[in-house]
Amino acid sequence: MLFQSERIYLRKMTSEDVDVYHMWRNDVEVMRTTSPSMDVFTWDDTNGFVNQVILHVSSSKSYMIVDSQTNRPIGITSLIQIDLKNRNAECIIDIGEKEYWGKGYAREALKLLLDYAFLEMNLHRVSLRVFSFNEKAIRLYERLGFKQEGISRQFLFREGKWHDLMHMGILQQEYIS
């Protein structure tokens with residue numbers, strides 16, 4: 001267990017999580033707001049991705065978001081492209097269990113991840129990318145202190161139209177204060 005709040009805790013992702021991650025990865029509603037590709041993956045694709053990319057890349061750390069009451073995994077959050085020399089990383093979050101959407105779980109999980117990134121790993125900067133139509137996520141990131149740093153215009157074609165990709169970031173001193 002990495003960190004915990006009243007309702008959730010983060011634990012390192014393991015190969016035991018392939019089945020639940022596979023279910024989320026193939027749920028169009030879950031991936032609509034987070035994945036540039038809307039591909040359908042076989043279980044072998046997901047197993048290979050988890051075991052070769054997520055679990056065995058030294059520049060990333062992935063954690064399952066777990067409901068403290070039920071011990072049920074409800075999502076995943078990660079620090080990727082960790083650059084210890086320059087003390088920065090990118091963060092990712094997906095709440096895969098839809099009944100947990102809109103109830104503050106993503107905020108709690110990101111707060112735990114940012115506490116770890118800034119207070120334990122002593123990172124200087126954490127960034128993220130978000131599709132411009134994901135207004136709920138953008139508001140969440142802004143409430144946590146992320147600032148818009150740039151836009152990749154018309155990055156994503158989804159549901160018949162073009163959408164921008166927003167780049168956001170937060171510095172350690174901004175997060176702590």
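I take helices and strands as DSSP runs, numbered from the N terminus. The model I am looking at is predicted.

**Entry 1, the annotated span.** I looked up the UniProt record first. Its unreviewed entry carries the annotation "domain: N-acetyltransferase" for residues 8–164. I checked the make-up of that span: 32% helix and 34% strand. The end C-alpha atoms of residues 8–164 lie 32 Å apart.

Next I went to helix 1, residues 18–25. How many of its eight residues are buried? I find six, and I note the helix as mostly covered. The buried residues are Val 18, Val 20, Tyr 21, His 22, Trp 24 and Arg 25.

The crossing of helix 1 and helix 3 is right-handed. From helix 1, I list Val 18, Asp 19, Tyr 21, His 22 and Arg 25 in the contact. On the helix 3 side they meet residues including Trp 43, Phe 49, Val 50 and Ile 54. I sorted the residues of this contact: six nonpolar, four polar and three charged.

I then turned to the loop between helix 2 and helix 3, where Ser 35 lies. Is Ser 35 buried or exposed? I count Ser 35 as buried, because its relative accessibility is 13%, and the cut-off for buried is under 20%. A polar atom of the Ser 35 side chain lies 2.7 Å from the backbone oxygen of Ser 37. Leaving out residues up to four places away in sequence, Ser 35 touches Phe 131 and Arg 158.

Technical notes. Residues numbered from 1 in each chain as written. Predicted model: local features only at pLDDT ≥ 70, side-chain atom pairs only at ≥ 80, totals over all residues. Heavy atoms only, no water. UniProt positions renumbered as here; feature names shortened; annotations may be inferred. Helix = DSSP H or I, 4+ residues; strand = E, 2+ residues; numbered from the N terminus. Buried < 20%, exposed > 50% of the residue type's maximum accessible area, 1.4 Å probe, protein only. Polar contact = N/O pair within 3.5 Å; in protein donor to acceptor, adjacent residues only side chain to side chain. Contact = heavy atoms within 4.5 Å. Left-handed = near helix turned anticlockwise from the far one by under 90°. Nonpolar A, V, L, I, M, F, W, Y, C, P; charged D, E, K, R; others polar.
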